[in-house]
Amino acid sequence: MDHSARLHAQEVATGREDHLLRFDIANRLFLRLYQASNLMHKTGTRAVARFGATTQQWAVLGALSRPAVREKGMTVKALIAFLMVSRQNLTAVLDRLEGAGLVERIRAAGADGRLRHVRLTPEGARIWSEMLVSIRGYYEEALADFSTEECVLLFRLLDRLRDSLGRMAGPEGE
């Protein structure tokens, strides 16, 4: 085998090894994300358990508590897109939160009566404020081994992964 053929064979072998290594790393990464997600759900639920809340309810209350949406609320469609959940899952969570008096569904101003927004009730805002103490403590404990710079880097990397997965999911996560 001449020199250029040996180099080509070596490049092919190296490319195959890189491909196998990348697959192994990707496999381990997605397993770690799955494990972390399950642990976040388990430990996060404990963090807000005294409020009778789940991590899904925590996410909805947090989304509705943001200053930009606090007064008017959000449409269900916007909330689905923001939280990246299914309509079925969100409806069940909203029903429980509404039953507990923490959120309300209201007609959007100027709408034809079909468009509804979901917003925090005064009781929901009060409970959210109380939950924040537990949530802050949870964040502090969960991220204790990370510097602020590492948290920012992880945030940016997860944003990139979320965006890539969002492109794969297609419009509105379907």
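Helices here are DSSP runs of H or I with at least four residues, strands are runs of E with at least two, and both are numbered from the N terminus. This is a predicted model, in which local features need pLDDT of at least 70 and side-chain atom pairs count only at pLDDT 80 or more, while totals for chains, interfaces and linings use all residues. Residues are numbered from 1 along each chain as its sequence is written, and side-chain values use heavy atoms, without hydrogens and water.

Now helix 4 itself. Its 13 residues should span 18 Å at 1.5 Å a residue, where the expected span is 1.5 Å times one less than the number of residues. The end C-alpha atoms are 18 Å apart, which agrees.

Which residues of helix 4 are buried? They are Leu90, Val93, Leu94 and Leu97; buried means under 20% relative accessible area, exposed over 50%, and partly exposed in between, with a 1.4 Å probe and protein chains only. These four cover an arc of only 100 degrees around the axis, so they lie on the same side of helix 4. That arc is taken from the directions from the helix axis to the C-beta atoms. On the other side, Gln88 and Gly99 are exposed. The cover over the buried residues includes helix 2, helix 3, strand 2 and strand 3.

Next, Val60. Leaving out residues up to four places away in sequence, Val60 touches Leu79, Leu83, Leu90, Val93, Leu94 and Leu97, contact being heavy atoms within 4.5 Å.
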